Amino acid sequence: MKPLLTFIFQFLSLAIIGQSLSLDHLRCEYKENPIIDVMEPRLSWQLKVEEKDKNIMQQAYQIQVASDSNQLKKENRLIWDSGKIRSDQSVHVAYQGPEVRSQERYYWRVKVWDNQNRESPWSKIQYWEMGLLSTQEWHAKWIRPAWEEKPRTLNPPFMLRKEFSLNKRIKSAKLYSTAHGIYEASINGQKISEDLFAPGWTSYHKRIQYQCYDVTKFVKPGNNAIGIYLADGWYRGNFGFGHNWDPYGTQTAFLGQIEIEYQNGKKDLITSDESWKATIGPIKMSSFYQGETYDARDEKPGWDTSNYKDIDWKKVETVEATEATLICPESPPVRRIEELAPIAVFRSPKNELIVDFGQNLVGRVKIKVKGSRGDTILIRHAEVLDEKGNFYVDNIRSAQQKVTYILKGSDEEIYEPNFSFQGFRYVKIQGINGNIEKENIKAIVIHTDLPKTGSFECSNPLINKLQENIVWSQKGNYLEIPTDCPQRDERMGWTGDVLAFVSTGCFNYESFSFLSKWLRDLKADQLENGSVPYVIPDVHYKNGSTGWGDAATIVPWTLYLKYGDKRILERQYSSMKAWVSYLSNLAGDDFLLQEGFHFGDWMFFIHPWENDIRTGYTDKDFFATAFFARSTYLTAKTAEVLGDVEEQKQMEEQFEKIKKAFQQEFVTRTGRLSPHSQTAYVLALAFHLMEESQISKAVGYLSQHIKNAEYHPSTGFHGTPLLCTVLSENGESNIAYRLLTQESFPSWLYQVKQGATTIWERWDGIKPDGSYQIPRVNSFNHYGRGSIGNWMYTVTAGIQHDDEQPGYKHIILKPEPDPLLEFVKAEYQSLYGTIKSSWQFENANINISVRIPPNSTATLFLPGHPTEKEGIELGSGSYQYSYKIEEK
């Protein structure tokens with residue numbers, strides 16, 4: 001009897017334990033159930049355990065893949081079974097089955113074994129689907145309306161339609177579609193997707209994304225109709241500096257095909273061709289810069305249904321197929337994310353009707369109005385009001401950001417722009433008698449639909465507002481690509497901005513796929529000589545600058561460290577080497593970059609008390625040579641990761657030569673720099689350009705410089721991201737905290753106290769006397785200076801990656817508390833799960849709490865604790881410590 005009872009007890013114990021180990025957050029190429037064109041897709045999952053569990057590590061996994069979800073339960077019907085693989089790898093596990101096939105769907109599941117001798121149940125079933133892998137599978141033709149358009153003008157968007165008949169019971173229907181321009185599709189009177197601005201923005205001459213939509217629920221046996229609204233977007237029209245027109249072409253066009261599979265196994269194909277028809281509808285103009293004009297009197301009800309009479313519609317014509325490669329989207333789409341209600345509706349001193357949404361945002365307004373046929377509503381958008389409280393648009397330059405709506409005269413009309421977006425907090429409305437009720441106008445926030453991964457909170461409400469502002473600027477400028485600003489006549493992928501912000505951005509939102517897609521365009525637009533244009537995708541700049549083009553090395557390296565994804569380095573490696581080669585050719589044999597154009601430390605600050613002494617200025621040859629060294633160093637590190645020993649050696653030797661030249665040109669033997677600016681010391685220290693014997697002196701000079709400025713920064717776009725980090729790495733976190741908590745001008749919290757709800761482009765966008773900086777370059781939504789967020793996560797909260805085990809497989813937890821704050825708490829959703837770190841002063845003690853996700857480990861450095869120097873090695877789980885900090 002005893003053996004039987006023992007068996008039953010062991011069985012029940014295993015059953016109970018087994019329930020506490022499961023899997024979730026299953027992803028393929030960072031997405032849930034994606035459509036991809038990756039030939040060796042990678043799968044990831046997270047271990048889910050009970051809160052009390054500690055030191056949980058995966059010991060083995062098994063993946064099964066089948067062509068049908070039901071077949072996963074039949075071993076003889078599997079496409080691939082990995083078998084039990086002894087490994088702790090749970091992210092980026094490559095599919096190793098038979099070669100994937102176009103348009104096939106692959107269902108997969110996984111189970112794992114952990115170091116507690118537990119076997120998880122099979123995960124829920126997920127899938128990935130392959131897109132069109134060959135150009136031969138595109139049977140559709142590129143089409144456009146068969147009429148002439150005016151050059152160099154904002155032509156109205158087109159409406160395209162096609163009726164088709166389906167005569168059998170439908171099993172599935174998929175629409176594959178793309179455009180020169182941006183489009184919106186509907187079938188039988190219903191929009192088929194919430195995506196905005198499809199197909200997205202890429203290097204159009206080389207890469208164009210296409211979408212694959214499951215439209216099974218939209219089609220029916222019998223008569224059907226598809227409608228396409230096609231606008232300029234980024235492809236055509238007025239886009240770029242200097243009244244740049246038609247950056248990619250003078251004609252927009254559409255390409256699409258609906259693939260039907262019937263219940264009986266037969267298939268049908270509906271393609272874009274000469275049989276379609278076209279017209280111009282109610283949208284008379286739509287532009288990212290200028291806004292949208294919508295005449296509701298010209299609406300065409302039912303135009304995308306089969307019973308619509310299109311007698312007066314015109315023919316379309318086919319156009320030559322693009323030479324660009326058609327690709328599946330890698331990044332999530334842009335979508336409507338949230339609605340904001342106004343906080344106030346009022347009249348300005350000029351008697352302007354103004355609506356305040358309380359938040360500088362990116363999106364558009366949705367308005368509900370009544371009126372007579374032909375009445376016109378005009379809506380302008382602005383970030384700020386002027387010193388007197390009037391509407392202010394000087395800083396958006398030639399971008400009108402103007403929406404015009406002409407009423408059709410029905411009872412109640414609701415309008416929201418279709419193919420435009422604006423950057424704004426305030427709108428001015430003309431054409432309405434009296435006021436507008438708050439419930440009749442909303443702000444629609446739009447941005448790339450990225451998963452939120454980070455949060456930060458502390459005892460100082462101004463810093464919490466700063467973090468909120470950083471996030472809002474990231475949302476507004478992570479719109480299809482990483483842009484500089486969302487309101488004026490730019491909105492382009494300035495490389496220097498994303499280089500400065502990439503680390504912070506990866507904490508706040510899962511940014512890998514978003515920035516990986518952008519890096520593909522950087523590589524595509526890179527010039528033959530290796531130079532990287534200022535903006536990516538490149539609309540008309542063919543030049544490169546250090547601190548900007550170095551995005552070619554810094555961004556992929558940062559993504560590798562944050563996500564542990566080696567493929568990003570493999571893919572971008574040639575681009576990294578090409579950029580360094582370009583700089584090497586510029587520098588020549590003396591290894592100093594004194595040739596070529598360089599922006600330098602953009603938007604550095606000259607303190608008023610410095611008069612004509614430009615101590616904030618960093619010489620451009622110093623700046624350029626420092627970044628030349630940095631890109632060389634990172635290319636050497638990349639070569640090491642990829643096992644390219646010869647290239648690693650060459651790059652390491654080149655770095656030492658640059659460092660020697662830098663030392664001879666810019667550094668005294670005691671560590672004083674010329675130029676003697678905050679940014680100069682920050683770059684030299686961060687980029688390993690100082691000798692060991694010079695570091696303490698250089699740190700002293702930097703610290704004294706900041707003290708002389710009364711704990712105010714003078715750094716520009718490239719010094720700012722590294723300023724506090726360099727101080728902390730060299731034992732001066734107390735000064736970094738003084739900079740962060742500084743409330744007077746100029747500082748991060750000065751902006752907050754001035755009412756900022758996003759990050760400003762300049763330290764002095766609004767001066768203490770209430771006046772504004774020059775309007776030509778004065779955006780109030782520029783995330784660059786929000787790069788302080790990285791220091792807040794990595795130093796105040798202490799959540800750091802480990803270069804040797806990237807992607808937070810091993811975590812460095814090294815919080816550095818300071819009496820200027822009472823508590824800090826932060827979270828980060830890594831690919832392994834949630835990392836938490838918090839601390840709080842309580843009387844004479846400090847309380848520290850951390851959480852490490854399953855299948856990862858950490859080294860915790862407790863500040864002011866006897867173990868601080870060595871650290872404590874921890875497995876997964878939650879840990880709390882309370883102790884009195886030892887005096888140093």
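This is a dialogue on how to read some features of a predicted model.

Colleague: What is the mean pLDDT of the chain, and how many residues reach 70 or more?

Modeller: The mean pLDDT is 94, and 97% of the residues reach 70 or more.

Colleague: Where does pLDDT stay under 50?

Modeller: Where pLDDT is low, the predicted coordinates should not be read in detail. Here that concerns residues 1-18, where pLDDT stays under 50. For this stretch the model has four contacts beyond four places in sequence.

Colleague: How do I read the overall build of the chain?

Modeller: Start with the secondary structure: the chain has 14 helices and 45 strands. Its radius of gyration is 29 Å, close to the 29 Å given by the globule rule for 888 residues, so the chain is as compact as a globular protein of that length. The C-alpha trace spans about 90 × 85 × 60 Å along its principal axes.

Colleague: What share of the residues is buried?

Modeller: Buried residues are 61% of the 888. As for contacts with a separation of 6 or more, 74% of them join residues 24 or more positions apart.

Colleague: How many aromatic pairs are there, and how do I read one?

Modeller: Rings count as a pair if their centres lie within 6.5 Å, and planes over 60 degrees apart make the pair edge-to-face. The count comes to 68 aromatic pairs. Take Y95 and W128: their ring centres are 5.3 Å apart and their planes are at 70 degrees, so this pair is edge-to-face. The pair links distant parts of the chain, with Y95 in the loop between β7 (93-94) and β8 (105-114) and W128 in strand β9, 33 residues apart.

Colleague: Are Y95 and W128 buried or exposed?

Modeller: Buried means under 20% relative accessible area. Y95 has 4%, so Y95 is buried. W128 has 0% and counts as buried too.

Colleague: Which angle do the ring planes of W234 and F288 make?

Modeller: Their planes are at 50 degrees and their centres 4.7 Å apart, so the pair is tilted. W234 lies in the loop between β17 and β18 and F288 in the loop between β21 and β22, so the pair ties together parts 54 residues apart in sequence. Both W234 and F288 are buried. They belong to one aromatic cluster, whose members include F197, W201 and F421.

Colleague: What sits over the ring of F421?

Modeller: The charged end of R491 does, 5.0 Å from the ring centre. Elsewhere, K54 lies over the face of Y879, at 5.0 Å from the ring centre.

How values were computed:
Residues are numbered from 1 along each chain as its sequence is written. This is a predicted model: local features need pLDDT of at least 70, side-chain atom pairs count only at pLDDT 80 or more; totals for chains, interfaces and linings use all residues. Side-chain values use heavy atoms; hydrogens and water are left out. pLDDT is the predictor's confidence in each residue, from 0 to 100. Contact means heavy atoms within 4.5 Å. Rings of Phe, Tyr and Trp (its six-membered ring) pair if their centres lie within 6.5 Å; planes under 30 degrees apart count as stacked, over 60 as edge-to-face and the rest as tilted. Helices (H or I, at least four residues) and strands (E, at least two) are DSSP runs, numbered from the N terminus. Buried means under 20% relative accessible area, exposed over 50%, partly exposed in between (1.4 Å probe, protein chains only). A charge sits over a ring if NZ of Lys or CZ of Arg is within 6 Å of the ring centre and within 35 degrees of the ring normal. The radius of gyration is taken over C-alpha atoms; the globule rule is 2.2 Å times the number of residues to the power 0.38.
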